[in-house]
Amino acid sequence: MNRHNRTAIRIAIVDDMDDVREGLRYLLAMDEELHVAASFSRAELLLEQLEGGTTPCDLVLMDIGLPGMSGIEATSRIKELAPELKVLVLTVFEDEERLLSAIRAGADGYLLKNTRPSELIDQIMETCGGGSPISPAVAGRLLREIRGKPEQPASPQYSLTPREQEVLHDVVDGLTYREIAERRGIAGSTARRHILHLYRKLNVSSKAEFVRKVLNEDLL
């Protein structure tokens, strides 16, 4: 009996490049615990199935730069239609703004397309097990700004000042230091200092972790 029909993790690939979809299909077929159940060149095609009541997979490998609806927009819509469906972003984009946008949209992980095949398979397994993998190169970008800064214990109330509460909203909105400074009428260095204070009070070490904590604890 074909094991895929019973126990394999069903995967849907969303990528507008034919060779990428076929390459991923070939790669994932090498592991008997994985089964590519569907592939789509546009996110709208997957969403049509979900809106029709069909969930063709357990996990979606989602590109960001798609024709029509972006992968980030599609991730948000998928989570509305099927909250239990895992979405693992697989992209060439390394900038932290897209990473934050993907996390805010509900992505369960964020990997680069240059991820080694064996690692990609491991990360798919981790995602299905409740993990949230992020490619080291992207995580490094997020950590670079605060590397070496000492952590401080977080208090239950966090004791945020009114200005810190404003900046907290700005960070979750995905604004850069410069955009926060312009919105609040403060210097860029002041905006940066407020964010570092927020990291310490919330006891987090990256923007991804920061956004997750804010959303999970309903701090907005």
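A polar contact is taken here as a pair of N or O atoms within 3.5 Å; within protein, one atom must be able to donate a hydrogen and the other to accept it, and residues adjacent in sequence count only if both atoms are side-chain atoms. The structure is a predicted model, in which local features need pLDDT of at least 70 and side-chain atom pairs count only at pLDDT 80 or more, while totals for chains, interfaces and linings use all residues. Residues are numbered from 1 along each chain as its sequence is written, and side-chain values use heavy atoms, with hydrogens and water left out.

The pLDDT, the predictor's confidence in each residue on a scale from 0 to 100, has a mean of 86 over the protein chain, with 90% of the residues at 70 or more. Among the elements of the chain, β3 has the highest mean pLDDT (98) and helix α6 (residues 136-144) the lowest (69). Helices (H or I, at least four residues) and strands (E, at least two) are DSSP runs, numbered from the N terminus. Over residues 1-5 the pLDDT stays under 50, and the model has 8 contacts (heavy atoms within 4.5 Å) for this stretch beyond four places in sequence. The pLDDT is also below 50 over residues 149-156, a stretch with 12 contacts beyond near neighbours in sequence.

Strand β4 (residues 86-91) is largely enclosed by the rest of the structure, because 5 of its 6 residues are buried. Buried denotes under 20% relative accessible area, exposed over 50% and partly exposed in between, for a 1.4 Å probe and protein chains only. Two strands are treated as paired if DSSP finds at least two bridges between them. Strand β3 (residues 59-62) runs parallel to β4 and is joined to it by 4 bridges; Leu61 has Leu88 of β4 as its bridge partner. Between β3 and β4 the chain passes through helix α3 (residues 71-81) in a right-handed β-α-β crossover, that is, one whose path from the first strand over the helix to the second runs clockwise with the strands pointing away from the viewer.

Strand β5 (residues 109-112) is likewise parallel to β4, with 4 bridges between them, and Val89 is partnered by Tyr110 of β5. The crossover from β4 to β5 leads through helix α4 (residues 96-105) and is right-handed.

Lys79 is located in helix α3 and counts as buried, at 17% relative accessibility. A polar atom of the Lys79 side chain lies 2.7 Å from the backbone oxygen of Leu85. The side chains of Lys79 and Asp108 form a polar contact at 2.8 Å. Leaving aside residues up to four places away in sequence, Lys79 touches Leu85, Lys86, Val87, Ala105, Gly106 and Asp108.
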